[in-house]
Every structure is written in structure tokens, then in C-alpha cells.
Amino acid sequence: MAVESTLSWLQDLRLPTEIRESLWMFPTIETVHVFALVLVVGSIMTVDLRLLGFTNRDRPFSELAAEMLPWTWLAFSFAAIAGLLMFSSKALIYYGNIPFRLKMCCLLFAGINMLLFHWVGVRHLHIWDKARPPWSAKLAGGASLVLWTAIVAAGRWIGFTT
Amino acid sequence: MSVAFQSANWFVPLVQTVHIIAIGILLTAVYVLSFRLVGLTQRGQTLAALAVRSTPWVWAALCVLLLTGVLLTITEPARELLNWAFRVKMLLVAALAIILMLLQLSLRRDPQYWSSSPARRRSARALGILCIVAGASIVTAGRWIAYV
């Protein structure tokens, strides 16, 4: 199949092969991945909890989001690059791994949830920026909390099934 | 207990998931504070307000981390206790907790404490850098427990 042959081409490239055969490269890349992802999850959850109205209620949502989200994206780019490198080293194994597929699905849903929030959820932001968010914003915050928890759980589960 | 925890194959990943999310909350709180101490971020609220706001989250996360960490250690005592990466991690966690407590106590007593003189501003910057390095080292040591 086209996917399998592409993945086997990918994992036979020089860098993926080196990562696979080296004793220290995979754990080092994984450390970068974990360090970056804890900051992604922590900073996103800070924003989610504000959306749910649990924390930082006295601060405008826009101020908190502007403060946190650039760091979230910086950390996410590190996590994604490290993740891609790990994936490339054993692409066929990860491709067939159920927790890996679950994790990718949850990441996709988290992305869609974020886009929906940015397109629709912030439409009346000026009204609730300094107050309790409406139900649509709470829903986005709650969904994000659940999805990111699932992403961490599925990610950890990959390590026990590959 | 060790045998019971090991025989349930969902137990370790589940506890590790809770552990990782708690690290996320702790490290985010620590880094928001540290970046402010170092002077990388200036916006919004005062250092003292930040410290007060994050204090309950820092200690709640540390409690969850201690609890889940103990569960993981009970499950595989030899993997953890005989491991030098584990020992380094524990020392770093203790050091970070002490620095955080010092910062919180000093700011509660005097909100201007770390900005009241050039020497204190320098110390604040040093403490911030120390927290940033400690946080990254704790995660690194934690991950390498599985490999050394």
C-alpha cells in the first residue's frame, strides 16, 4: 500500500535510521518532547480553566491568552518536531499502533476545537472578556481539557505498546 | 501491593498520565514566575500578585506529584530507588520546592522585596534562572530514569 511504502521509505532515511540505531538519540529527543509537551499542556490548561471560569477571573481573558499562547505555540513546535523525529525512526510501528492513532485523532480534534473557538467562540469576547465566559466558551475550554488529558494518556500508552 | 499494581497493566500508564499533567501545571506556574523574575515578561500583573495566585496550584501539583510518585515507586521500588537519575531528580525537586517557598514567603511579607535594590534584582534574576534550569533538569532526569 502507498502509505506503508512511504513510511518504510521515511524510516530508512539516514536520520531516522541513526535515531533508531543510536542508544542516546531517542531518549534525548523524547526528553525534549516531554519537556515541551508539559509546557503545552500546562499553559493550555491555564487558558481552559479561565474559559471555564474557575481561575484568573479578575483578569481579562484576552490578556491571559495573549500572555500564555505564544509560549504554548513555541513549546508546541518543539514537541511536534521532536514527535516527528521519534515517529520517523519507527514509522511503520507507530502507524499500526492503536494508542498512536488515538493520540493523533485527539490532536486533530483539539485543533478543530481551537479553530472553532477562534472563529465563533471569541465573537462576543468584548462582552465577557472581564466576566464569566458564556457556555460556548466553557464548552471549548472543557473540551480542550478533556482532549489534552486524552492526548497525554494516549501518548504515555504508546510507550507501553510499542 | 507492588505485585497488585504491576499485574494491572493500565495502572502505571494511568498514574504516569496524572503525574505528567501535574508536572505541566507545576512547571507552567514555575516558568510564568521565573520568566517574570528574569525579566523576559513584564506584562499584566505584579510579581507578588503572580506568586500569590500560583501558590495554591504549585503546592497542590506538588502533592499530586508526591502521591503519584510514591505509587510508581511502590510498583517498581528497584527501578526507582537504585537509580541515580531518580536520586538526582529528588534532590532537584527538593531544591526547587525550597526556592519556591522562599520566593512565596518573601513576596508575601513584602511585595516589593525583589525589586527594592539592585542587589536583590540581581538575586531575583539568579533565582529565576535557577528555577528554569531546575525545571528542565527535573523533567530530563525523570525521563532518563527509564534508560539508565
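I take a salt bridge to be a side-chain nitrogen of Lys or Arg within 4 Å of a carboxyl oxygen of Asp or Glu. The model I am reading is a predicted one, and with that rule in hand I went to the interface of chain A and chain B, where I find two salt bridges.

**Entry: the salt bridge I looked up.** I picked out the pair Asp58(A) and Arg53(B), whose side chains meet in a salt bridge with an N to O distance of 3.1 Å, which means that the pair falls inside the 4 Å limit of the rule.

**Entry: the interface of the two chains.** I counted 31 residues of chain A in contact with 26 residues of chain B, and I noted an area of about 2500 Å² buried between the two chains, with carbon and sulfur atoms giving 73% of that area. Across this interface I also list seven residue pairs in polar contact, both residues being at pLDDT 80 or more.

I then asked which helices of chain A each supply at least two residues of the side that touches chain B. They are helix H3 (25-51), helix H4 (61-89) and helix H8 (135-161), and H3(A) gives the most, with 16 residues. Sorting the residues of that side of chain A by kind, I get 17 nonpolar, eight polar and six charged.

**Entry: helix H3 of chain A.** I checked the length of H3(A) against expectation: its 27 residues, at 1.5 Å a residue, should span 39 Å, and its end C-alpha atoms are 39 Å apart, so the two values agree. After H3(A) comes Gly53(A), for which I noted a positive phi, near 85°.

Entry: I looked up Thr28(B), which lies in helix H2 (residues 11-38) of chain B, and at 8% relative accessibility I record Thr28(B) as buried. Setting aside residues up to four places away in sequence, Thr28(B) touches Val38(A), Leu39(A), Gly42(A), Ser43(A), Thr46(A) and Met68(A).

I next turned to Thr55(B), placed in helix H3 (residues 47-75) of chain B, which also counts as buried, at 13% relative accessibility. With neighbours within four places in sequence left aside, I find Thr55(B) in contact with Gln104(B) and Arg108(B). Between Thr55(B) and Thr28(B) I noted a separation of 27 residues in sequence and, from C-alpha to C-alpha, 12 Å in space.

Terms used. Residues are numbered from 1 along each chain as its sequence is written. Chains are lettered from A and ligands numbered from 1 in the order in which they are written. This is a predicted model: local features need pLDDT of at least 70, side-chain atom pairs count only at pLDDT 80 or more; totals for chains, interfaces and linings use all residues. Side-chain values use heavy atoms; hydrogens and water are left out. Contact means heavy atoms within 4.5 Å. Buried area is the accessible area (1.4 Å probe) that two parts lose on being put together, summed over both. A polar contact is a pair of N or O atoms within 3.5 Å; within protein, one must be able to donate a hydrogen and the other to accept it, and residues adjacent in sequence count only if both atoms are side-chain atoms. Helices (H or I, at least four residues) and strands (E, at least two) are DSSP runs, numbered from the N terminus. Ala, Val, Leu, Ile, Met, Phe, Trp, Tyr, Cys and Pro count as nonpolar, Asp, Glu, Lys and Arg as charged, and the others, Gly among them, as polar. The expected span of a helix is 1.5 Å times one less than its number of residues. Buried means under 20% relative accessible area, exposed over 50%, partly exposed in between (1.4 Å probe, protein chains only).
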